[in-house]
Amino acid sequence: MLADLVIHGATLVTDSTTFAASVAIKDGAILAIGAADAMPEAAEVLDATGKYLLPGAIDAHVHFRDPGYTHKETWETGTASAAMGGVTTVFEMPNTNPPTGTVEALNLKLKQAETAYVDFGIYGLLGESNIDELEALIEGGVAAFKCFMGNTFGNLPSPPSGAILEGFEIVAKHGYRVALHAENASIMARRQKKLMAAGRCDPLAHLDARPPVVAVEAVARAAILAEWTGARIHILHVSSGDELRPLREAKLRGVDITAETCPHYLLLDEHAYTDKKSLIRVNPPVREKVHQDQLWAGVADGTIDMIATDHAPHSHDEKHRDDIWTADCGFTGVQTQMPLMLSQVVSGRMTITHYVKMTSLAPAKAFGLYPRKGALLPGSDADIVIVDLDRETVVDSADLQSKGNSTPFQGWVAQGAPIHTLVRGRFVMRDGQLCTDAKGHGRNIRRVQQMPAPTPQNTHTTTAAILAKAPQR
C-alpha cells in the first residue's frame with residue numbers, strides 16, 4: 001500500500017509516554033506507527049529528526065465572531081490563527097449575532113464556517129428564551145451547548161436557575177455536554193453598579209466587581225443541577241483557586257463535570273492591570289498571584305482537566321480605553337497557547353505528556369471525539385502538530401493571523417513552537433507558514449462525534465414529566 005505521507009525521525013508524544021517512531025498517513029488517517037523500516041512507501045516523506053510529534057491541540061473554547069462581528073474575527077482568520085498555533089479542532093461559542101440559539105442561526109454559522117482551515121464543533125446556546133429549540137439544535141448539528149450564567153460580550157441574558165434546570169433535563173436525555181460561563185450575574189451587576197457610582201473606572205475595578213465568590217457559587221449550583229439531572233457539564237475558564245473545591249467535591253460525588261483554565265490565568269496576575277491596563281479586561285478576570293499558584297496545583301492534581309484559550313478577539317480601539325467599563329472583554333489566544341505552554345514544558349513546570357493530556361486527550365474524551373481525535377493511534381484522524389522545543393519565538397501581534405490581534409503576551413519570549421500542522425493528513429501550516437490552499441478544509445466534527453450513552457437522572461421530576469401528568473383542560 002502506498003501511503004500519502006510518512007514522517008520519520010520525530011519523538012512521538014502521547015498522554016503517558018514518549019518514544020521514537022515513524023508515522024504513515026493514508027486518506028487522512030494514521031495508517032501505521034512504528035520503526036522507519038516498517039513503514040510503507042509513500043508519495044511524500046518528511047524528515048522530522050529532533051522534533052516532537054503531538055496530536056493536534058483541541059481548543060474547546062473560541063469565539064470567532066462570525067456572523068455579526070466580522071470586524072473582530074472571521075471563520076477564515078480565526079481558523080488560520082488556530083492552524084498557525086498547532087490547533088487542529090476548535091469549539092466555537094454562540095454569542096455571535098444572531099446568537100446560535102435557533103436552527104436558522106446555526107445554519108447561517110455553518111455556512112460561514114465553510115472557510116475553516118481546521119475542524120470545528122459549534123456550541124448551541126442554552127438560554128431561557130430558546131429552551132424549545134434545544135432538541136432541534138442537536139438535530140441540526142451542534143456539538144455541545146453553552147450557558148451564560150454570567151454576563152459577557154454580547155450581553156446575552158443569564159437564564160434563571162429554573163431555565164438552566166429545564167435545559168439540563170432536555171440535554172441530559174441526549175448525552176451532550178453543556179459548557180458554562182460560571183459566574184453569578186446578580187452579584188456582579190450589583191458590584192459593578194456600586195463601583196461605577198463611586199467613580200471607579202480604573203482597570204482594577206473590573207477585578208473588584210467579580211470576586212471569586214461569583215464563580216464559586218455558580219460552579220456549585222451548576223454541579224448540583226447536573227447531578228440531579230444527569231447532565232454532563234464543562235466549567236469554562238476557571239480563574240480562581242476557590243473554584244477548585246466545588247469542582248473536587250462534584251467529581252467525588254460522581255458528577256460528570258470537566259473544567260478548563262487558560263494560559264492568561266496560569267501566567268498573568270494582578271500586575272497585568274498596571275502593565276496592560278484595559279487590554280487585560282477579560283471575563284472572568286485575571287486574578288491575584290495566589291490564585292495562579294492554586295490553579296497550577298489544580299492542573300497538577302487533575303482537578304482542572306484541560307487547557308483552552310477563550311480566544312475572544314476585538315479591534316485595537318475596542319480594547320484600549322481609559323474607562324475600563326467601555327473596553328470589550330477578551331483577547332486573542334488560539335495562536336499563542338502552544339508556544340506559551342510549551343515554554344512551561346521546557347522550564348519543567350509540566351511534562352510534555354501532561355500537556356498533551358490537557359490539550360488533546362481530555363477535550364477529545366469530554367466531547368466524544370476519542371479515539372478519532374486527541375490521540376496518535378492507527379485509525380485516528382491524522383491531526384498532527386510537529387513542534388521544535390529548541391525554537392525560540394517572540395509573541396508579536398503583527399505575526400498573528402487573528403483580526404483582533406491585541407495580546408497581553410506581546411513581547412513574551414517563548415521556548416518551543418509548532419512548525420507543521422496537519423488536519424486529517426493535510427498540511428494547514430508548513431514550515432511556519434499558513435497553507436492558504438487549505439482554506440475550507442475544516443469539517444464539522446459532528447460527523448465523527450460519539451458521546452457516551454445518556455444517563456439522565458430523576459426523570460420523573462422533569463418539567464416535561466410534570467406537565468405530562470397535568471390534567472387536560
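Reply: What follows sets some values from this structure against the definitions behind the labels. This is a predicted model, in which local features need pLDDT of at least 70, side-chain atom pairs count only at pLDDT 80 or more, and totals for chains, interfaces and linings use all residues. Residues are numbered from 1 along each chain as its sequence is written, and side-chain values use heavy atoms, with hydrogens and water left out.

Me: How many aromatic pairs are there by the rule for rings?

Reply: The rule takes rings of Phe, Tyr and Trp (its six-membered ring) and pairs them if their centres lie within 6.5 Å, with planes under 30 degrees apart called stacked, over 60 edge-to-face and the rest tilted; by this rule the count comes to 6 aromatic pairs.

Me: Why is the pair of Phe91 and Tyr123 called tilted?

Reply: The ring centres of Phe91 and Tyr123 are 6.0 Å apart and their planes stand at 55°, so the pair is tilted.

Me: What makes Phe91 count as buried?

Reply: Buried means under 20% relative accessible area, exposed over 50%, and partly exposed in between (1.4 Å probe, protein chains only). Phe91 has 0% relative accessibility and therefore counts as buried, and Tyr123, also at 0%, counts as buried.

Me: Why does Trp412 count as partly exposed?

Reply: Trp412 has 28% relative accessibility, so it counts as partly exposed, whereas Phe409, at 3%, counts as buried.
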